[in-house]
Each structure stands twice: as structure tokens, then as C-alpha cells.
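Here's a quick tour of the model, written for someone who likes to know the cut-offs behind the words. Have a look at the structure, then read on.

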Amino acid sequence: MHTVIQLLLHTSPLLIYLIVAVALALESTGIPIVNSTLLLCTGALATYSRLNVVVLALVALVASIAGACCAYLIGARGGRRTMLRFALFFHLDRHKVRIFERWFRKYGIWMVFASRIIPYIRPFTCFPAGFSHTHFARFFVSVALGSLIWCTSMLYLGWSLGRRWEVALYLMQRYTVPVLVLLVLLVILYSLFMRFLKKRIAARLQRLLTENG
């Protein structure tokens with residue numbers, strides 16, 4: 001990493017801004033590029049080089065939003081055919097695909113927002129938002145807010161830590177996956193509990209109606 005830092009210190013700021021823009025745009029279109037290293041590193045560079053952290057944030061934000069919108073448009077124009085091919089391959093009928101589309105239109109916007117601030121899953125929700133025809137204005141706002149939080153947080157963290165920015169990268173690499181697994185388990189447990197609670201309530205109401213009838 002020290003060699004990379006020294007190399008970037010002697011690189012034109014415009015080229016670094018361009019690298020950040022291309023990486024964030026590609027990642028947001030669905031290409032699994034982990035950008036946390038780049039954002040932390042360039043944020044740290046801003047503390048002792050000619051880079052401007054505000055310009056970095058603007059470049060990263062615009063590129064992230066633009067890439068996400070491209071993924072949405074790709075999904076909206078041809079994604080449903082791709083989804084149907086996958087469904088056919090996994091022996092899923094079209095009815096289940098339509099259920100997924102309705103579910104994503106209703107609740108997927110929160111998944112889009114959450115994905116923009118969670119490492120490793122950032123590239124993977126904009127495309128399904130497109131083929132499920134999630135309302136674009138809501139999608140755009142969700143992507144913009146999530147990308148703003150992610151980009152500014154990573155850059156500010158790198159800028160605050162300076163030469164110690166690799167500490168943040170180490171902690172993210174070590175603990176992100178376990179935390180994600182824990183969150184998934186909590187969501188599953190919550191869903192199972194709510195389903196159980198609804199069944200109990202429905203059974204109790206049915207019993208009361210039978211007794212009073």
C-alpha cells in the first residue's frame with residue numbers, strides 16, 4: 001500500500017479524479033468493484049497532497065448516481081427477459097416472477113437505499129429495480145441519499161485517519177461479512193416471528209368469532 005500511495009502522490013489530481021469516477025460508475029452499474037479501498041485511500045491522500053476532498057466527494061457522488069441510473073435503465077429495457085430466462089433455468093413459473101416484481105416495486109426501494117451504504121452488495125440492486133419498474137423518482141432519491149452517505153463517509157474517514165487509513169480498511173474487511181450475516185439472520189427471525197404472530201392473532205380472532213357466533 002505504501003508503494004501505491006507514493007505512486008498516487010506523483011500522479012496528476014485530474015487522473016485520480018478520473019479513476020475515482022470510472023471505478024464508482026462501473027461499480028454502480030453492477031460490476032463488483034470494491035470501492036471502499038479507493039475512497040479511503042484517496043480521502044487520506046487529500047490530507048497531504050493536491051487533492052481536494054470536496055471535489056473527490058462530488059466526483060464520487062455523481063459517478064455513483066450515474067452508474068446506478070445506467071443499471072436501472074438496462075434493467076428496465078432488457079432485464080425482464082433476462083429474469084425470465086433465469087426463472088426458466090431454475091424451473092420457476094412466471095407467476096413467481098410477477099410476485100417478485102410487485103414485491104420489489106413495493107418494498108425494494110428500501111433495499112436499494114440500504115445497498116448503497118453496505119459494502120459488497122452495493123452493485124446488485126439497481127438492476128432488479130429497473131426490470132421491476134420501480135418508480136424512477138423514488139429510485140433516484142434513494143440512490144442519491146445512499147450514495148451521498150457512503151461516499152462522504154468513506155472519504156471523510158480516510159481524510160480523518162490520514163496515514164492510518166488502512167486501519168479502517170482492515171476493520172471493514174474483518175467485520176463486514178459477519179455483521180451482514182447477523183443482519184440477515186435477524187431479518188429472517190423477525191419475518192418468522194411476525195408470520196407466527198399474525199397466525200396467532202388470526203386464530204384468536206377466528207375463535208372469538210366462532211364463540212360469539
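## The salt bridge

Glu27 and Arg122 join their side chains in a salt bridge, at 2.8 Å from N to O. Glu27 belongs to helix H2 (residues 13-28), while Arg122 sits in the loop between H5 and helix H6 (126-131), so the pair ties together parts that are 95 residues apart in sequence. The structure holds one salt bridge, a term that here asks for a side-chain nitrogen of Lys or Arg within 4 Å of a carboxyl oxygen of Asp or Glu.

Are the two partners buried or exposed? Glu27 is buried at a relative accessible area of 2%, and Arg122 is buried too, at 1%. For the record, buried means under 20% relative accessible area, exposed means over 50%, and partly exposed is in between (1.4 Å probe, protein chains only).

## What kind of model this is

This is a predicted model, in which local features need pLDDT of at least 70, side-chain atom pairs count only at pLDDT 80 or more, and totals for chains, interfaces and linings use all residues. Residues are numbered from 1 along each chain as its sequence is written, and side-chain values use heavy atoms, with hydrogens and water left out.

## Overall layout

Helices (H or I, at least four residues) and strands (E, at least two) are DSSP runs, numbered from the N terminus. Of the 213 residues in the protein, 36% are buried.

## H3 and its neighbours

H3 is mostly covered, with eight of its ten residues buried. The buried ones are Ser36, Leu39, Leu40, Cys41, Thr42, Gly43, Ala44 and Leu45. How does H3 (residues 36-45) pack against H7 (residues 136-161)? Their axes are 6 Å apart and the angle is about 50°, which makes H3 and H7 oblique to each other. The handedness of this crossing, as H3 passes H7, is right-handed. Trp150 lies in helix H7 and counts as buried at 5% relative accessibility.

H2 is another partner of H3: the two axes come within 11 Å and cross at roughly 155°. H2 and H3 are therefore roughly antiparallel to each other, and their crossing is left-handed.

A note on the geometry: axes are lines fitted to C-alpha atoms, for helices over the stretch in contact, and angles run from 0 to 180 degrees between N-to-C directions. Angles under 35 degrees count as roughly parallel, over 145 as roughly antiparallel, 65 to 115 as roughly perpendicular, and the rest as oblique. A crossing is left-handed if the near helix is turned anticlockwise from the far one by less than a right angle, and right-handed if clockwise.

Gly108 is found in helix H5 (residues 94-115) and is buried, with a relative accessible area of 0%. Gly108 and Pro128 are 20 residues apart in sequence and 8.8 Å apart in space, going by C-alpha to C-alpha.

His133 is in the loop between H6 and H7. Although His133 is not a glycine, its phi is positive, at about 55°. His133 counts as partly exposed, at 46% relative accessibility.

## The nonpolar patch

Which residues form a nonpolar patch on the surface? They are Val181, Leu182, Leu185, Leu186, Ile188, Leu189 and Leu192, and together they have about 650 Å² of accessible area. One of them, Leu185, lies in helix H8 (residues 165-212) and is partly exposed, with a relative accessible area of 46%. An α-helix has 3.6 residues a turn, so residues three or four places apart point the same way.

Patches are made of residues with over 30% relative accessible area and no salt bridge; like charges are joined within 9 Å, and nonpolar side chains (Val, Leu, Ile, Met, Phe, Trp, Tyr) within 5 Å. The accessible areas come from the Shrake-Rupley method with a 1.4 Å probe, and for residues, only the protein chains shown count as cover.
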